[in-house]
Amino acid sequence: MTEQIIQATQHQQKKTMNRATYSIFMGLFMVTFVVLRVISKAAGEIAATAYEPGVVLICNMLHFLPPVTVILFAYFCMARRLRDCGKNPYYAWFILIPLFGLAYVIYLCFAQKKNNFQN
């Protein structure tokens with residue numbers, strides 16, 4: 001019985017992210033998002049001057065790169081951090097709400113870890 005509890009605890013710890021790691025990942029995320037946005041903007045300018053339909057299609061598809069990055073990268077990092085804080089990981093969908101999502105990302109950088117110790 002205690003082996004199952006220990007294994008469950010170890011499995012749960014693998015799916016969490018502490019404050020320092022989360023803060024580093026969010027900083028890297030912001031830099032990545034800015035770089036992808038610049039690439040997307042350049043692709044839009046290339047698409048405006050290109051005459052071949054294949055080039056235009058690829059350049060237009062690059063516009064989806066920053067939003068997809070936001071949804072995937074931020075969601076999974078936030079879900080791990082929320083588990084570490086003892087909150088429901090589905091709250092990570094708050095990232096899709098423009099200003100509230102950004103405020104929630106910053107809040108999670110400072111939120112305390114939930115103690116799972118029982119006496």
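**Contacts, core and pocket**

Q: Which residues is Leu108 in contact with, leaving aside its neighbours within four places in sequence?
A: Leu108 is in contact with Arg19, Tyr22, Met78, Arg81, Leu82 and Cys85, once those neighbours are set aside. Keep in mind that this is a predicted model.

Q: OK, and the largest nonpolar core: how many residues, and which have the most contacts inside it?
A: That core has 19 residues, and the ones with the most contacts inside it are Tyr22, Met26, Met78, Ala92, Ile95, Val105 and Leu108.

Q: Which elements give two or more residues to this core?
A: H2, H4 and H5 do. The largest share comes from H4, with eight residues.

Q: Switching to Asp84. Where is that one?
A: Asp84 sits in helix H4.

Q: Buried or exposed?
A: Asp84 counts as buried, because its relative accessibility is 7% and the cut-off for buried is under 20%.

Q: What does the Asp84 side chain make a polar contact with?
A: The side chain of Arg81, at 2.5 Å. Arg81 also turned up among the contacts of Leu108.

Q: And which residues does Asp84 touch beyond four places in sequence?
A: Asp84 is in contact with Thr16, Met17, Asn18, Lys113 and Lys114. As for Thr16, it is 68 residues from Asp84 in sequence, yet their C-alpha atoms are 5.0 Å apart in space.

Q: New topic: the second largest pocket. How much space lies in there?
A: About 160 Å³.

Q: Which residues line it?
A: The lining of that pocket is Met26, Phe29, Met30, Phe33, Val70, Ala74, Ile95, Pro98, Gly101, Leu102 and Val105. Met26, Ile95 and Val105 are also among the residues with the most contacts in the core.

Q: Which helices supply at least two residues each to the lining?
A: Helix H2 (19-49), helix H4 (65-85) and helix H5 (98-110).

Q: How does that lining divide into nonpolar, polar and charged?
A: It has 10 nonpolar residues, one polar and no charged.

Key
Residues numbered from 1 in each chain as written. Predicted model: local features only at pLDDT ≥ 70, side-chain atom pairs only at ≥ 80, totals over all residues. Heavy atoms only, no water. 1 Å grid on protein atoms, 1.4 Å probe; cavity = no way out; pocket = protein on both sides within 12 Å on 5 of 7 lines; lining within 4 Å. Points joined across faces, edges and corners; volume = space filled by probe spheres on them. Helix = DSSP H or I, 4+ residues; strand = E, 2+ residues; numbered from the N terminus. Nonpolar A, V, L, I, M, F, W, Y, C, P; charged D, E, K, R; others polar. Buried < 20%, exposed > 50% of the residue type's maximum accessible area, 1.4 Å probe, protein only. Contact = heavy atoms within 4.5 Å. Polar contact = N/O pair within 3.5 Å; in protein donor to acceptor, adjacent residues only side chain to side chain. Core = buried A, V, L, I, M, F, W, Y, C linked by side-chain atoms within 4.5 Å.
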